[in-house]
Amino acid sequence: MADTVRLTTQTVNVIKAIMNRPARGVSGVEISKDTKLASGSLYPILMRLEKAGWLSSEWEAGDPAELGRPRRRFYRLTALGQREVNAFREALTPNFGGAAWVLS
């Protein structure tokens, strides 16, 4: 766990999408809509962030037959992820004045 995370523009956009809905978590579909990332780009980012301990995820409850669709997986920022995001913001604030990198 706690692997190094490379913060590309796409990764930052994924983190921002997750931080916009912290209470209930965010499904991959919602993140994809927010970021305009295709699944081939999005899910590897989510897997890297989860492996690094920045995200946690869980499947929604319910039977797909009863839901009428596949179950969704919801992603949330962990305490470690929040600390890392805050450190990232603090590191950029002197250089960018904080305005260009608002993550919440």
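Predicted model: local features only at pLDDT ≥ 70, side-chain atom pairs only at ≥ 80, totals over all residues.
Three strands form an open sheet in the order β1-β3-β2, with antiparallel pairing. Because β1 and β2 stand at the edges and each has a single partner strand, one side of each is left without a neighbour in the sheet. Strands of a sheet pair through backbone hydrogen bonds, either parallel or antiparallel. Between β1 and β3, which run antiparallel, there are two bridges. V26 stands opposite Y75 in β3.

Helices come next. Helix α1 lies across β1, β2 and β3, and runs at about 95° to β3. Helix α3, residues 39–51, lies across β2 and β3, with an angle of about 115° to β2.

What does the largest nonpolar core consist of? It has 19 residues, and those with the most contacts inside it are V14, I18, I31, L46, L49, W54 and L55. At least two residues of this core come from each of α1, α3 and β3. The most is given by α1, with five residues. With neighbours within four places in sequence left aside, I18 is in contact with V26, I31, L46, L55, Y75, R76 and L77.

The charged side chains can be taken next. Side chains of opposite charge can pair when their charged atoms come close. The structure holds three salt bridges.

One of the salt bridges joins D34 and R21, whose closest N and O atoms are 3.0 Å apart. The pair links distant parts of the chain, 13 residues apart: D34 belongs to helix α2 (residues 28–35), and R21 to the loop between α1 (9–19) and β1 (26–27). D34 has a relative accessible area of 38% and so is partly exposed. R21, at 27% relative accessibility, also counts as partly exposed.

Another salt bridge is formed by the side chains of E58 and R76, at 3.3 Å from N to O. This pair, too, links distant parts of the chain: E58 is in strand β2 (residues 55–59) and R76 in strand β3 (residues 73–77), 18 residues apart. E58 counts as partly exposed because its relative accessibility is 42%. For R76 the relative accessible area is 24%, so this residue is partly exposed as well.

E60 counts as buried because its relative accessibility is 14%, and buried means under 20%.

Finally, E30 is located in helix α2. A polar atom of the E30 side chain lies 2.9 Å from the backbone nitrogen of S27. Not counting residues up to four places away in sequence, E30 touches R21, R24, G25 and F74. R21 in this list is the residue that forms a salt bridge with D34.

Key. Residues numbered from 1 in each chain as written. Heavy atoms only, no water. Salt bridge = Lys/Arg side-chain N within 4 Å of Asp/Glu carboxyl O. Helix = DSSP H or I, 4+ residues; strand = E, 2+ residues; numbered from the N terminus. Buried < 20%, exposed > 50% of the residue type's maximum accessible area, 1.4 Å probe, protein only. Polar contact = N/O pair within 3.5 Å; in protein donor to acceptor, adjacent residues only side chain to side chain. Contact = heavy atoms within 4.5 Å. Pairing = 2+ DSSP bridges. Axes fitted to C-alpha atoms, helices over the stretch in contact; angles between N-to-C directions. Core = buried A, V, L, I, M, F, W, Y, C linked by side-chain atoms within 4.5 Å.
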